[in-house]
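Please keep the sequence and the structure in view while reading.

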Amino acid sequence: MTRDRYLERALRNVIGPRERVETFATDLRAHFEAGAERGEGDAQVAARLGPPEEVAASFMEGITLETAGFFARLFAFVADAGVLAVLGLPAFAAVALTVNGNPDPGPILIAAFVFLGLAMLGVVILYFPLLEGRYSRTPGKWWMRLRVVGEEHVRITFGQAFLRRLSLYFELLALDAIFVLFTRKKQRAFDIVARTMVIHEPGGRAGAWRWLGCFAPWAIVAAFAWALVYVGPRIG
Amino acid sequence: MTPTPPADRELKRGVLELVLLRLLQDRPAYGYELVSEIARRTEGELEIKEGTLYPLLYRLEEQGLVATSWETPERGAPRKYYRITEVGEQAFAERTERWRRFRDRVDAVLEPGAREKKGEE
């Protein structure tokens, strides 16, 4: 294993204040360098360093992560739902414009309904799991400075990311979320199933303006609706 | 590969910290040097995954027991040297004392005939 590959594997499992993570990376790199000066290859040094995942875990033992509570997560969800609503606006506008003044809107509405259903499915399968699987967070979580991690404080897999979203699919959202209030690691029921938890990003909580900002996408939606209902008919 | 049980890991970590402080008493050293020294002086008995050394050193640094400084040798890459602090020296003395007491007591228990002795009391 080359040193770059080793570092990548070790660091992808590490969450912590940037400064500390960088120190760790620098130290591991220096270790390879010191080995090289003694004529050791990367593979040799890597073998002695130990499995990168284990080394990452030993680093994580020294980092305290704070679990995120119900309201911070709720606001992040409000922001994500807002982002999705904004993304859906063009489709909504397209349907509204086509239906408007159409003598037989039935087929269009049915098509729109099917499209909406598929889009919802897409959200369940794609938006949350892909973003959380790849980046450990959604835009809403990023904004609220939250992150999804495994119970062992390591990065979650796509499988885990998908699993923890199944409550959305089964429409158990509220019931699922209530678990956060009562579980020790503040986990949703499906967090427990997926062995995941949500933490505050190390190095600073979201301030009041970030909490408020979660409604920003909804402001766009509201402005759009206002335009559609009040402004539209007047020009039309 | 079976993972090390947590209790063993804790014990090993405590011992390693003690050994590290002792090595740094001799002279400041960088990570790679420290692992080589540990292997040499314990004759490979205190086996560690070298990558786990750094988190251990961070812990010592956080407790103020060691301090670091970067130095660039005439040839080669810059190295981070660890040295023991005043607080580290004190901690070393205390921990050594505690370790010896612990070791002696455990030895006494493990000693064949320890049970009989207790019976005599």
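Two residues are in contact if their C-beta atoms, placed from the backbone, lie within 7 Å. The model examined here is predicted. By that criterion, 18 residues of chain A are in contact with 15 residues of chain B. On the side of chain A that touches chain B, the elements giving two or more residues are α2 (18-37), α3 (42-49) and α4 (52-60) of chain A. The most comes from α2(A), which gives nine residues. The classes of residue on this side of chain A are set out below.

| Class | Residues on the side of chain A that touches chain B |
|---|---|
| Nonpolar | seven residues |
| Polar | five residues |

Five bridges join β2(A) in the antiparallel sense to strand β3 (residues 196-200) of chain A. A:V149 stands opposite A:M197 in β3(A).

In soluble globular proteins, nonpolar side chains tend to be buried together. The largest nonpolar core in this model has 50 residues, of which A:A76, A:M144, A:L146 and B:V66 touch the most other members. Helix α5 (residues 70-99) of chain A supplies the largest share of this core, five residues. Leaving aside neighbours within four places in sequence, A:L146 is in contact with residues including A:A72, A:A76, A:V198 and A:I199.

Technical notes
Residues are numbered from 1 along each chain as its sequence is written. Chains are lettered from A and ligands numbered from 1 in the order in which they are written. This is a predicted model: local features need pLDDT of at least 70, side-chain atom pairs count only at pLDDT 80 or more; totals for chains, interfaces and linings use all residues. Helices (H or I, at least four residues) and strands (E, at least two) are DSSP runs, numbered from the N terminus. Ala, Val, Leu, Ile, Met, Phe, Trp, Tyr, Cys and Pro count as nonpolar, Asp, Glu, Lys and Arg as charged, and the others, Gly among them, as polar. Two strands pair if DSSP finds at least two bridges between them. A nonpolar core is a set of buried Ala, Val, Leu, Ile, Met, Phe, Trp, Tyr and Cys residues joined through C-beta atoms within 7 Å. A residue is buried if 20 or more other C-beta atoms lie within 10 Å of its own, exposed if 12 or fewer, and partly exposed in between; C-beta atoms are placed from the backbone.
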